[in-house]
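Biologist: Please put the structure up, and then we can go through it by question and answer.

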Amino acid sequence: MIRVAAARVRCPWLDVTAGVRVVVDFVGRAAARGVDLVAFPEAAVEVTGPEVRLITEAARDHGVLTYPGIAERDPVHRAVHCALLAIDPARGVVGVHRKLVPTAEERLVRADGDGHGLRVHDAGGLRVGGLCCWENWSPLARHSLYAQAPTRTSPSGRVPRG
């Protein structure tokens, strides 16, 4: 069985360094409670930046698959994307899913994503994936992940056997 946590934490406004400390601290606290996978809300960073390196180190040190939501600064395309990272404790960043279409006021500052990051990842013998925000209501985005055979759970949250 895999134990999953959704982090209900808030990063200090416009203080990326303090926000990373909040995430790193929560990964440690989640690991102490036996959590195998933890997901976070968004914070603004670059995927190759020092903030993601610190979060990756925390995931490695505590052995927790970590899914932080980020407002990704993309210096190559000079854009900002709503994105979801998949950080494996042993392999580091294994996936970056950019939200396909920003919603509402996000469209004022965020760029469209693509389907490249619609992938499932191995997590302690299970296959897990994630979507950003309203994409969970999008049949095609969900089907893209379903087609990769993620592990499904019963209504009780337990993985069915057989």
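Biologist: Leaving out residues up to four places away in sequence, which residues does histidine 121 touch?

Modeller: This is a predicted model. Histidine 121 is located in strand E6, residues 121-123. Sequence neighbours up to four places away are not counted, and the residues touched are then Tyr67, Ala86, Val94, Gly95, Leu126, Arg127 and Val128.

Biologist: Is histidine 121 buried or exposed?

Modeller: Buried means under 20% relative accessible area. Histidine 121 has a relative accessible area of 10%, so histidine 121 is buried.

Biologist: In the open sheet of five strands, which are the edge strands?

Modeller: The strand order is E1-E2-E3-E4-E5, and the pairing is mixed. An edge strand pairs on one side only, which holds for strand E1 (4-6) and strand E5 (92-98).

Biologist: At about what angle to E4 does helix H2 run?

Modeller: Helix H2 comprises residues 50-62 and lies across E2, E3, E4 and E5. Relative to E4, helix H2 runs at about 20°.

Biologist: Phenylalanine 26 and phenylalanine 40 form an aromatic pair; is it stacked or edge-to-face?

Modeller: A search of the whole structure finds one aromatic pair. The centres of phenylalanine 26 and phenylalanine 40 are 5.6 Å apart, with 80° between the planes. Planes over 60 degrees apart count as edge-to-face. The pair of phenylalanine 26 and phenylalanine 40 is therefore edge-to-face.

Biologist: Where in the chain do phenylalanine 26 and phenylalanine 40 lie?

Modeller: Both residues are buried. The pair links distant parts of the chain, 14 residues apart: phenylalanine 26 lies in helix H1 and phenylalanine 40 in strand E2.

Biologist: How far apart are the closest N and O atoms in the salt bridge of arginine 29 with aspartate 25?

Modeller: Arginine 29 and aspartate 25 both lie in helix H1, four residues apart, about one turn of the helix. Arginine 29 is partly exposed at 38% relative accessible area, and aspartate 25 is partly exposed at 42%. Their closest N and O atoms are separated by 3.1 Å.

Technical notes. Residues are numbered from 1 along each chain as its sequence is written. This is a predicted model: local features need pLDDT of at least 70, side-chain atom pairs count only at pLDDT 80 or more; totals for chains, interfaces and linings use all residues. Side-chain values use heavy atoms; hydrogens and water are left out. Helices (H or I, at least four residues) and strands (E, at least two) are DSSP runs, numbered from the N terminus. Buried means under 20% relative accessible area, exposed over 50%, partly exposed in between (1.4 Å probe, protein chains only). Contact means heavy atoms within 4.5 Å. Two strands pair if DSSP finds at least two bridges between them. Axes are lines fitted to C-alpha atoms, for helices over the stretch in contact, and angles run from 0 to 180 degrees between N-to-C directions. Rings of Phe, Tyr and Trp (its six-membered ring) pair if their centres lie within 6.5 Å; planes under 30 degrees apart count as stacked, over 60 as edge-to-face and the rest as tilted. A salt bridge is a side-chain nitrogen of Lys or Arg within 4 Å of a carboxyl oxygen of Asp or Glu.
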